[in-house]
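Visitor: I would like to learn how to read a structural model with care, one feature at a time. Could you take me through one?

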Amino acid sequence: FNCSCVGISWFGAACGPTKSLKDVSDENYMAGTKLTNLIGLKAVEMLNESKAGTICKHLNPGEKAILISEVKKHGWFNPFAQRRTLVLTDAPRIFYADMAKGLVKGEIPWVPELTVKVENDKKFKICVPHRNYSIEELNGNARQWEQQIKALM
């Protein structure tokens with residue numbers, strides 16, 4: 001592709017089989033990095049807005065989504081993980097949805113006994129009396145879920 005088409009021609013000196021970023025001047029490297037970082041932030045922002053727009057129809061009036069993630073939810077009776085969108089709101093409320101079908105599939109009860117246990121960067125459990133929800137956060141943000149849930153408790 002042509003770098004100038006997407007506004008990152010500052011890295012042009014690195015184009016070619018014998019070239020690298022070492023061939024880009026410090027000034028051009030800083031300008032190019034600033035723009036590519038902005039492009040990345042805007043892309044993530046647009047994706048989040050798209051997800052949030054789809055989620056909005058499942059929110060109660062005045063309720064806002066705080067955290068939205070693609071997850072695999074491991075069921076008690078079903079050994080196969082189900083891909084879901086997990087949503088934490090400021091109500092506070094946690095629900096999971098099948099976005100392909102546009103349906104909320106369930107809600108995790110927000111009770112005083114609710115706890116969060118992080119197993120690693122991707123896996124965590126939300127525990128309520130008589131039920132543990134085993135969740136695999138596909139982007140490795142399990143600790144962010146723990147922090148956000150605890151902040152609302």
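Visitor: Where in the protein chain is confidence lowest, and where is it highest?

Guide: The score to read is pLDDT, the predictor's confidence in each residue, from 0 to 100. Helices (H or I, at least four residues) and strands (E, at least two) are DSSP runs, numbered from the N terminus. The protein chain has a mean pLDDT of 84, with 85% of its residues at 70 or more; the lowest mean, 73, belongs to helix α1 (residues 26-56), and the highest, 97, to strand β5 (residues 115-118). Where pLDDT is low, the predicted coordinates should not be read in detail.

Visitor: How many bridges join β5 to β6?

Guide: Two strands pair if DSSP finds at least two bridges between them. Here β5 and β6 run antiparallel and are joined by four bridges, with a hairpin of four residues connecting them and V116 standing opposite I126 in β6. Strand β6 also pairs with β7 in the antiparallel sense, over six bridges, and K125 has S134 in β7 as its bridge partner. The hairpin of β6 and β7 has two residues between the strands, and H130 takes a positive phi near 75° there.

Visitor: How many aromatic pairs are there?

Guide: Rings of Phe, Tyr and Trp (its six-membered ring) pair if their centres lie within 6.5 Å, and planes under 30 degrees apart count as stacked, over 60 as edge-to-face and the rest as tilted. By this rule there are two aromatic pairs. The rings of Y96 and Y133 have centres 6.4 Å apart and planes at 55°, so this pair is tilted; it links Y96 in strand β3 (residues 93-98) with Y133 in strand β7 (residues 131-137), 37 residues apart. The rings of F124 and W145 have centres 6.2 Å apart and planes at 20°, so that pair is stacked. Because F124 lies in strand β6 (residues 123-128) and W145 in helix α2 (residues 142-152), the pair ties together parts that are 21 residues apart in sequence.

Visitor: Is F124 buried or exposed?

Guide: Buried means under 20% relative accessible area, exposed over 50%, and partly exposed in between (1.4 Å probe, protein chains only). F124 is buried at 1%, and W145 is buried at 0%.

Visitor: Which residues touch the most other members of the largest nonpolar core?

Guide: A nonpolar core is a set of buried Ala, Val, Leu, Ile, Met, Phe, Trp, Tyr and Cys residues joined through side-chain atoms within 4.5 Å. The largest has 17 residues, and L86, I108, F124, I126, I135 and I149 touch the most other members. A second, separate core of five residues includes I55, I68, V87 and F95.

Visitor: Which side chain does a polar contact join to that of S69?

Guide: A polar contact is a pair of N or O atoms within 3.5 Å; within protein, one must be able to donate a hydrogen and the other to accept it, and residues adjacent in sequence count only if both atoms are side-chain atoms. S69, in strand β1, is buried with a relative accessible area of 5%, and a polar contact of 2.7 Å joins its side chain to that of E137.

Methods
Residues numbered from 1 in each chain as written. Predicted model: local features only at pLDDT ≥ 70, side-chain atom pairs only at ≥ 80, totals over all residues. Heavy atoms only, no water.
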